[in-house]
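Please keep the sequence and the three-dimensional view at hand while reading.

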Amino acid sequence: MRLPLRGRIAIVTASAGLVLALLLPAASATAADPLILRTGSTQTVSGLNPWQVVYVVDFEIMTLNYDTLVGFGPNVDPVPGFAESWTKSADGHTWTFKIRPGMKWSDGQPATSEDARWTIQYVLDAVKKGQTLGAGYLEPYLTAAGVTAVSAPDPQTLVVTTNLNNPLLLQSYVPILPAHIWSKIDPKVAATTYPNNAPVVGTGPYQVVEYKPGQFVRLQRNPYYWGQQGAEDQIVITTFKNDDTMVQALKTGELDYARDVPATQFDQLKSAGGPITAVEGVSNTFYELAFNCYNKPIPGGGASTLAVQDPAFRDALGYAIDKQDIVNKVFQGHAQVGSTQVTPFQAGWHVEPTDVRPFDIEMAKSKLDAAGYPLNASGQRLDKQQKPIVLRLSWPGDPSEAKAAQLIVAWFGQLGIKVNATASDEAKLGQQILPPEAGGKAQFDMFIWDWVGDPDPTSLLKVLTTKEIGASSDSLWSNADYDALYNKQLAETDDAARHQEVGQMQQLFYDQAPYHILYYPSQLDAYRTDHFGGWRNQPTANGTPLFQFGSFNYTYLTNAQAAVASPSASAPSASSAPSAEASQAVVSTPAPVASQAPAPGDTTSSNSSPLLLLGGLALVVIAVVGILVIRRGRASAEEE
Amino acid sequence: MSGRYLLAKIGQAIITIGLLIVLNFVLFRMMPGSPDRVLGRNPNVTAEAIQATRERWGLDKPVIPDQLVAYVASIAQGDLGYSFVYRGASVADVLADRIWPTVILFGLGELIAIVVGVSLGAYTGWRRGGPIDHIGNGASLILYATPYFLIGMVLLLVFAVGLGWFPTYGMTTVGEVYSSPVNQLADYLSHLALPLATVALGLIGQYSIVMRSSIVDTLGEEYITTAKAKGIQDVSVLRQHALPNAMLPMATLIAINLGYVIAGAITVEVVFNWPGLGTLTVDALAARDYPVLQGIFLLLSVSVVFANLIADVMYQFLDPRVKA
Amino acid sequence: MTTPAIASPGVAVSRPRGRLSRAWAVLRQVLRRRSGAIGIAILVFFTFVALFPDLLVGPLETAVTATGPSMAPPQPGYPFGTDELGRSILNLTVHGARISMIIGLLATIVTVLFGVVIGIVSGFVGGRTDAVLMRITDFFLVIPTFVLALILAPVISELFGTEGEILGVRITLLVIVVVIGITSWSSTARIIRSQTLSLKERAFVDRARVIGASPMHMMSRHILINVTDLIVANTVLVFAGAVLTETTLAFIGLGDPFAPSWGQILNSAQEAGAPGLGAWWYMAPPGASIVLVVLAFTLVGNVLDEILNPRLRGRQ
């Protein structure tokens, strides 16, 4: 029999090839073992180009690579970053920043105000031309601050001119980029397809030296960092496909920090104690039940009933939502009951509304009756056009949203309102809710989704304004009073007055209810204390250590397993100094941790095409062996 | 004769690939939802920003014919496009990165499954009715009926979480710096063990069952009886006469199986966080990363078409009985 | 061993009562084999469970009606433990039986319908039609069907809309049915076609053609009847495959949390972190049910194949 022999040879060759393949990707680096901090999340990194940041993990990498002009302190307060101090002119339209002398980029080049000027000018140029930079998340920080011009009179001084008088410039999450590298890149490419491959050059505490898309990112200590040096030599941020595996890895010690631990696992970790600390941070996110408040008819689309446009209708429904029950059942209590569009994280700004709606089905029913939505003979709630009200409910796929939806279906059902609930996904739902201003038909009644905030409440207040319909507004709500208040607080110079205006906006929002804010889910993280110590929360009282704002918390970490402290840095770091003018904590010697081996492996691009071809060929070979024998089989089978 | 046959087959393969490319494009564009809507929830995004994104990705042009033509043209030039999710990375790079882990996992899995499955099936078929047959066949049936991911979850629970013998995720211990290639190999192997076991077990279930029934069929054939009558030893009969012929229907299964194997690939990789094409597919789907999805789809289907073609051609030389 | 009713395949049998008694005869043969008996027993059990879930455990528990502790192991009152919402796993698994079986049944019907029609037409008509249909079939065999299924699901749910029900079955479930149907019919078509091809040459078909019977008549009266055996055996195996496919699709996340099939329960378990928490009770009942049902179908299908398939007859 010829074939079996051939088959056997093929199998042997193939397996030999595969064993070789196992060894192929092996790098041969040998080195003294660096101390590695391993963190994990379930978000996929978008890339290394800072203009393409979208997710929290992207922002985290950006803030490790680069400094922002002003840093974020322990309570998200402005502290020295790229700039060591700043002053504001009396009219609030001119900011003068003092850039720290002697700063170096991680490639050794000097870092001066010219770099900051270049970066900000790059943004201004794009904004002037009406272009967006990359994913569009960063330049709004400068436009919200009203930046109009920037100049660098000397290497240590930066002057920024604004047309608004607000403190938002100090919170702008824009990375200061090395002009000597970025100015050489075509401006159109820089924010779009420029990969910013490793090794990244920045002034932050750690820079990316290895990146495997969809898998992990490895950062290495910046030997020239101006601030305190953390104990870890490297940081590895891994992407996990599901959070269960991530928690497993934390438990076995393969991971030091896990972001977004599921609520069910959280309790178990917390009670187990030991080397794992489970921390519940205050939320900067709200999840809402949104209504289609678009007040003009849309041919072939729009809401299924005019009822959802009626604030009285929405208000009545609010009495049929047991928010505490959702918090208990869906989050095991690890969330706060929702109220306004200002999150608990934005602590100073959050104002609880007066007359919070209790959960009372009977009251909901009577309010519906009073508002002109009676029940018919078969127990269905009718709208003002005498049609039974049937509402569509959708959500982008988060399981907690699905569970909340189940509860809402049941509660509204008791009111005689049928709710058709279906899971969707971000892309589909995002498309579905587009209003005519964005080329869509707004075919929805209700959905559950979330918003994530900044330290300042402006961004979340904005999504409910009329101007944002067609852009970020998804409730399509339009209220002239709300718009007026928004514009007022944006230009407000008096802090107390601004607080009052923001408070009024929250009350108005709560009464009109374009959204019912369901819950603020706590940030559940967990980390090990047997590898690293020195963990600090941000905000100090009720935050989590990592994945917040800025990267100073990485620099406070100590090696829990070594008696000897980490290299360098004794001086207290920047964060304890108030904004005005700290004299800077300076790292004692910029001596790098010299015994570092060069990071093993390189990034993806170099050998990809032949590798791809080889991989494809291997697949083909395996398939051939099988199919070759099919033909044999088919021929003999047909003979029988 | 064979030259013309060869040309005809190549022609068919090219047409099939052409159809595949068009189908590839149309299919993914039919998916509802647009990638520019997956940009997370950005309260700062402006209408202009979204429009600019759409323009940059060519999404504002009509799907047919503009986008389709552009797609086919770029494929012809060997350009698979750029990923929407991994900004700036070319699809070829993204795929190249992920193809090896899948090939290793499934190649080795298939190999082990073929060897073990065939042996197990042959032996239980040979010793039909005996206790070994019952146990072996029963175990195979249960494995066959169990979805791959369930096997994976059980193994994970017992061996990684419960006993702690194996790591729980990934292909390597991320961030590790190895002191020697042997250490690195050991690390790879310890990560490979459970996913490989999952794949192998799943396939063994199928292969041993088919092999067994195939052997049972073959054993009834006349030439086996003849061989036995001639006095040839039992084992020789098995190895030289029964086995080769019994292999054939089983071999049919291997190829038809490719479809199910891919389903298994995706779920097993998800369970173990194995960085291969499977996890890439699931992620790309959620993010509507059309270029990457199209790349994967194309890669998989073209491989099968090529394999068919090569097999057809080689078959010409191997078996003179087969005519076009 | 063989009764006259199961005659050589050359005779076109068309006695209705004979059909039924033949079915019973086959069933008895299945039960006589141990594997067949086990399979039938399991199927009867699960069919009963699927038909009367309310009788056994009451209505499907929802997030609102759940009363149990969260993620609790088996205990008095909750024999299979609870999930993270406090619902009894026993309740979920029993109701899941109905949903999994319905999806499996409908998907099988779609698959077999498609496969048989295309297989018979293609094999019988031959020529250009056959070439085209086989081209299409081969095409579907080449495509990675699971990836196809993942893509088709959102596309089809766009077509169907997402709300409402048809005959009491939620649209979301029907979408899965259609997707499985579209991706599974090709192997059935191939099998039926090759049997049709061999049947075509038999004498009785020639006789019918000479008499002047129309192709439709010949296909439905003569071919179809003789392919029935093959269809039956194949259908049972297709059912097994459909349940497996649905489970896998649900695990990936295409299921419907409001109508949880076993696969969907496993998906919820994974999402809730059950493996990591050691909550084996969340995964074991739906997992074991899937294995048992698929196993049962496979056993019965194999036995039917043995009994009905002419090639193996005479080999005991």
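The account begins with a pair of helices in chain C. Helix H9 (residues 215-254) of chain C packs against helix H10 (residues 262-271) of chain C at an angle of about 30°, and their axes are 7 Å apart. Axes here are lines fitted to C-alpha atoms, for helices over the stretch in contact, and angles run from 0 to 180 degrees between N-to-C directions. Helices (H or I, at least four residues) and strands (E, at least two) are DSSP runs, numbered from the N terminus. H9(C) and H10(C) are therefore roughly parallel to each other; angles under 35 degrees count as roughly parallel, over 145 as roughly antiparallel, 65 to 115 as roughly perpendicular and the rest as oblique.

This is a predicted model, in which local features need pLDDT of at least 70 and side-chain atom pairs count only at pLDDT 80 or more, while totals for chains, interfaces and linings use all residues. Residues are numbered from 1 along each chain as its sequence is written, and chains are lettered from A and ligands numbered from 1 in the order in which they are written.

The crossing in which H9(C) passes H10(C) is right-handed. A crossing is left-handed if the near helix is turned anticlockwise from the far one by less than a right angle, and right-handed if clockwise. On the side of H9(C), the residues that meet H10(C) include C:Glu246, C:Leu249 and C:Phe251, and their partners in H10(C) include C:Trp262 and C:Leu266. Two residues are in contact if their C-beta atoms, placed from the backbone, lie within 7 Å. By class, this contact of H9(C) with H10(C) comprises five nonpolar, six polar and one charged residues. Ala, Val, Leu, Ile, Met, Phe, Trp, Tyr, Cys and Pro count as nonpolar, Asp, Glu, Lys and Arg as charged, and the others, Gly among them, as polar.

H9(C) also packs against H12(C), at an angle of about 165° and with the axes 8 Å apart. That makes H9(C) roughly antiparallel to H12(C). The crossing of these two helices, H9(C) and H12(C), is left-handed. Among the residues of H9(C) that take part are C:Val232, C:Phe239 and C:Leu244, while H12(C) contributes residues including C:Ile290, C:Phe297 and C:Leu304. The contact of H9(C) with H12(C) has 15 nonpolar, three polar and two charged residues.

The view can now widen to chain C as a whole. Its secondary structure comes to 12 helices and two strands, and 51% of the 316 residues of chain C count as buried. A residue is buried if 20 or more other C-beta atoms lie within 10 Å of its own, exposed if 12 or fewer, and partly exposed in between, with C-beta atoms placed from the backbone.

How confident is the predictor in chain C, as expressed by the mean pLDDT? The mean pLDDT of chain C is 80, and 89% of its residues reach 70 or more; pLDDT is the predictor's confidence in each residue, from 0 to 100. Over residues 1-16 of chain C, the pLDDT is below 50, and over residues 312-316 of chain C it stays under 50. Where pLDDT is low, the predicted coordinates should not be read in detail. For the complex, the predictor gives an ipTM of 0.78 and a pTM of 0.77.

Chain C also meets chain B: 30 residues of chain C are in contact with 33 residues of chain B. The elements of chain C that give two or more residues to this side are helix H6 (145-160), H9, helix H11 (274-277) and helix H12 (280-308). H12(C) gives the most, with nine residues. By class, the side of chain C that touches chain B has 21 nonpolar, seven polar and two charged residues.

Chain A has 18 helices and 21 strands, and 56% of its 640 residues count as buried. A:Ser151 is found in strand E6 (residues 147-154) of chain A. With 13 C-beta neighbours inside 10 Å, A:Ser151 counts as partly exposed.

Some backbone details of chain A deserve attention. Most residues other than glycine have a negative phi, and most peptide bonds are trans. The peptide bond from A:Ala198 to A:Pro199 is cis, with omega near -5°, and a cis peptide bond also joins A:Gln538 and A:Pro539, where omega is about -5°. A:Asp355, although not a glycine, has a positive phi of about 60°. With 8 C-beta neighbours inside 10 Å, A:Asp355 counts as exposed.
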